[in-house]
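Me: I have a structure open and a few quick things to ask about it. Can we go through them one at a time?

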Amino acid sequence: LYVLIKGWRFVGLVQQFRGVHPFTILRAYVAGQAHAMMPGGVAVRAALLEDAGVPMAQGGAAVAMSSISDQIVLLLCAVLSAWWFEPARKPVEIMLAVLGVLSLLLGIEASRNWLLHLIEYWMKKFRLLNQWHKFL
């Protein structure tokens with residue numbers, strides 16, 4: 001039941017990009033479930049969607065959004081569970097404060113540019129600047 005509920009959510013994500021029959025998308029999601037526990041196995045879903053007629057770019061975006069939303073729910077449940085436990089409350093509050101500050105800093109373009117220049121400085125120092133630019 002859990003896989004079917006997540007599968008229908010995935011169908012909604014994919015249909016925003018391309019009009020493929022919902023049952024085909026659901027079958028691709030369920031078929032990719034067996035690979036999801038392996039390293040890089042979630043990417044199999046994008047390949048299965050490509051076989052069903054969804055371009056890799058759109059299928060990959062849907063797979064990424066599905067995985068990100070799963071991770072957000074997992075993180076929120078973990079934080080709420082840890083916050084409930086009295087000895088873990090202070091470390092959870094510190095972690096949330098750090099995440100909040102990082103989110104604010106990365107939300108400001110000037111600090112993002114500063115961080116990018118800092119990363120480029122260190123990449124240049126380790127002679128990895130070309131690989132960094134290829135990555136970006």
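Me: Where is lysine 6 placed?
Reply: Lysine 6 is in helix α1, which covers residues 2-15. Keep in mind that this is a predicted model.

Me: Is lysine 6 buried or exposed, and why?
Reply: Lysine 6 counts as buried because its relative accessibility is 15%, and the cut-off for buried is under 20%.

Me: What does the side chain of lysine 6 make a polar contact with?
Reply: With the side chain of aspartate 70, at 3.1 Å.

Me: And which residues is lysine 6 in contact with, leaving aside neighbours within four places in sequence?
Reply: Tyr29 and Asp70.

Me: Switching to pockets. How much space lies in the largest pocket?
Reply: About 340 Å³.

Me: Which residues lie nearest its centre?
Reply: Tyr2, Lys6, Tyr29, Asp70 and Gln71 do, out of 16 residues that line the largest pocket.

Me: Which helix gives the largest share of the lining?
Reply: α4, with 7 residues. Both α1 and α4 (56-84) supply at least two lining residues.

Me: How do the lining residues divide by nonpolar, polar and charged?
Reply: The lining has 7 nonpolar, 5 polar and 4 charged residues.

Me: New topic. What is the phi of arginine 127?
Reply: Positive, about 55 degrees, although arginine 127 is not a glycine.

Me: Where is arginine 127 found?
Reply: In the loop between α6 (109-125) and α7 (129-135).

Me: Buried or exposed, that arginine 127?
Reply: Arginine 127 counts as exposed, because its relative accessibility is 74% and the cut-off for exposed is over 50%.

Technical notes: Residues numbered from 1 in each chain as written. Predicted model: local features only at pLDDT ≥ 70, side-chain atom pairs only at ≥ 80, totals over all residues. Heavy atoms only, no water. Helix = DSSP H or I, 4+ residues; strand = E, 2+ residues; numbered from the N terminus. Buried < 20%, exposed > 50% of the residue type's maximum accessible area, 1.4 Å probe, protein only. Polar contact = N/O pair within 3.5 Å; in protein donor to acceptor, adjacent residues only side chain to side chain. Contact = heavy atoms within 4.5 Å. 1 Å grid on protein atoms, 1.4 Å probe; cavity = no way out; pocket = protein on both sides within 12 Å on 5 of 7 lines; lining within 4 Å. Points joined across faces, edges and corners; volume = space filled by probe spheres on them. Nonpolar A, V, L, I, M, F, W, Y, C, P; charged D, E, K, R; others polar.
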